[in-house]
Amino acid sequence: TQSGPAQLLESFLAKMPGSAGVMARKARAQGNDIGAQMGRYADNLAPNTDPTEAGGAIQRGITGEGGFVDRFKAQAKQLYDAVDQHMPGDTAVPLPATQSFLAKLTTPIKGAEATSVVLANQKLESIAKAISSDTQNSQLAGLGDQPLPPGSVTFGPDGTPQLGSGGTMPYQAIKSLRTKVGDMIADAGLVSDVPKGQLKQLYGALSTDLRTATSQNPEAFATNNLAENFYLQGMDQIDKVNNIVDKAGGPEKVFGAAMSGTRDGATTLNAVMSSLRPEEQNIVSSAVVRRMGMATPGQQNEVGDVFSTSSFLT
């Protein structure tokens, strides 16, 4: 925009006989030049792009084969596997945090036993029973012919003897369980049989037990912390982009969702772009450049390729 003497001169010339047409033609010529230059710039980034192609690039780049989620899981696995160099796989690891979390979610509420059973998540109940069974087998195997410690046996409602919440599982087994839970969380979208929030809590509880076990070995502890920090950062990134890639309505809606709110800040768009590879970033950038100069519907032609200097500058 112009101001001061330049604006006064333009206003004066516009009032001169014949000047309006000259200025209009000059404005159109300048607009065409800017449009052509931006078109070349967009083509240099990626040719023939549009919102549909850009949205598809976002989906492929994040949740497609070899996309951000796949790369994240592979890197996280590599970092967690490095802990194995300092932690024997058969190390007996207690599971107090995991068992406490599962008990909290699956224990019937006193006074509302029947209702709470209905509300409880069946998948988590199955997981709780399976972990209890595995730790029980481990505890019994460790005892050999020794008598059970006092208080380690309780009795269920049907009178069946049940082992208490103690026991251990091998380090490698717990790590593999956590990996499976992590893969379920990392896959974009909601997991139908277990709420995502509860899966995150289960992952956190397993991590707490593993962290406690590695704390006995400084090298294992440091390596495990490095892996955990990477995982948490990656999951935060996935949480930011999940609503984008899951957008209903096709790639165009995905592109629109990625661009929404950019006038107020680019937090979402930054998360999307940092999840993409350079070639995918170029497709999105090219589509954005083309969109910046698109004339409004009332000024657009049938082809939809009219460039507007006003729209571009805005």
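Here is a short walk through a few helices of this predicted model.

Let's start with α9, which runs over residues 196-214. This helix has 19 residues and spans 27 Å from first C-alpha to last, close to the 27 Å you'd expect at 1.5 Å a residue. Its buried residues include L199, L202, Y203, L206 and L210, but also K196, S207 and D209.

Now look at α5, residues 96-106. Here the buried set is T98, Q99, F101, L102 and T106. These residues cover an arc of only 160° around the axis, so they sit on the same side of α5. The general idea is handy here: an α-helix has 3.6 residues a turn, so residues three or four places apart point the same way.

Next, see how α3 (residues 51-63) and α10 (residues 218-245) pack. Their axes are 10 Å apart and meet at an angle of about 140°. Angles over 145 degrees would count as roughly antiparallel, so α3 and α10 are oblique to each other. The crossing of α3 past α10 is left-handed. As for who touches whom, I58, Q59, I62 and T63 from α3 meet V241, I244 and V245 from α10.

Stay with α10 for one more residue, E228. Its relative accessible area is 9%, and under 20% counts as buried, so E228 is buried. Leaving aside residues up to four places away in sequence, E228 touches Y80, R178, S207 and R211.

Key:
Residues numbered from 1 in each chain as written. Predicted model: local features only at pLDDT ≥ 70, side-chain atom pairs only at ≥ 80, totals over all residues. Heavy atoms only, no water. Helix = DSSP H or I, 4+ residues; strand = E, 2+ residues; numbered from the N terminus. Expected span 1.5 Å × (residues − 1). Buried < 20%, exposed > 50% of the residue type's maximum accessible area, 1.4 Å probe, protein only. Arc of directions from axis to C-beta. Axes fitted to C-alpha atoms, helices over the stretch in contact; angles between N-to-C directions. Parallel < 35°, antiparallel > 145°, perpendicular 65-115°, else oblique. Left-handed = near helix turned anticlockwise from the far one by under 90°. Contact = heavy atoms within 4.5 Å.
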